[in-house]
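The following questions and answers examine a single protein model. Please consult the sequence and the coordinates while reading.

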Amino acid sequence: QVQLVESGGGLVQAGGSLRLSCAASGNIFRINDMGWYRQAPGKQRELVASITGGGSTNYADSVKDRFTISRDNAKNTVNLQMSRLKPEDTAVYYCNAAVHSLIVGVRRYWGQGTQVTVSS
């Protein structure tokens with residue numbers, strides 16, 4: 001079994017910054033891509049940013065030049081540095097990882113989510 005635990009959400013004023021972290025633990029042989037998704041009330045979950053095992057990144061247009069995703073392969077962690085936050089960034093943010101386990105092969109796992117609220 002694999003667990004993803006997020007931390008770092010909270011309340012911040014528009015224009016401020018927050019850093020989200022996600023740590024994977026459990027039966028892990030290798031982690032392929034990792035990413036952050038978000039879901040605002042009444043909206044579908046959407047991809048915010050993703051990063052491959054080799055470090056290639058992908059961002060939603062709405063967060064380009066404001067958010068930065070990074071990972072530490074040795075620690076099985078992925079971070080999301082969010083800057084110049086806007087009220088429309090308010091959502092529950094979820095960590096996601098494609099984990100290769102020797103027992104069950106490759107599966108995708110989700111964290112429990114962390115709330116980010118940006119006040120105007």
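Q: What share of the contacts with a separation of 6 or more in the protein chain comes from residues 24 or more positions apart?
A: This is a predicted model, in which local features need pLDDT of at least 70 and side-chain atom pairs count only at pLDDT 80 or more, while totals for chains, interfaces and linings use all residues. Residues are numbered from 1 along each chain as its sequence is written, and side-chain values use heavy atoms, with hydrogens and water left out. A contact means heavy atoms within 4.5 Å. For contacts with a separation of 6 or more, the share from residues 24 or more positions apart is 56%.

Q: How many helices and how many strands does the protein chain have?
A: Both kinds of element are DSSP runs numbered from the N terminus, with at least four residues (H or I) for a helix and at least two (E) for a strand. From the N terminus on, the elements run β-β-β-β-β-β-β-β-β-β-β. The count is therefore zero helices and 11 strands.

Q: Why is the protein chain described as being as compact as a globular protein of its length?
A: The radius of gyration is taken over C-alpha atoms, and the globule rule is 2.2 Å times the number of residues to the power 0.38. For 120 residues the rule gives 14 Å, so the chain is as compact as a globular protein of that length, its radius of gyration being close to this at 14 Å.

Q: Is His100 buried or exposed?
A: His100 lies in strand E9. Beyond residues up to four places away in sequence, His100 touches Ile28, Phe29, Arg30, Gly105 and Val106. At 19% relative accessibility, His100 counts as buried.

Q: How far apart in space are Arg19 and Met82, C-alpha to C-alpha?
A: Arg19 lies in strand E3 and is partly exposed, with a relative accessible area of 43%. Not counting residues up to four places away in sequence, Arg19 touches Ser7, Gly8, Ser70, Asn79, Leu80 and Gln81. Arg19 and Met82 are 63 residues apart in sequence, and their C-alpha distance is 5.9 Å.

Q: What value is phi of Asp65 near?
A: Asp65 lies in the loop between strand E6 (57-59) and E7, and is exposed, with a relative accessible area of 71%. Most residues other than glycine have a negative phi. Phi of Asp65 is positive, in a residue other than glycine, and is near 70°.

Q: What value is phi of Arg84 near?
A: Arg84 is located in the loop between E8 and E9. Its phi is a positive value in a residue other than glycine, near 45°.

Conventions. Buried < 20%, exposed > 50% of the residue type's maximum accessible area, 1.4 Å probe, protein only.
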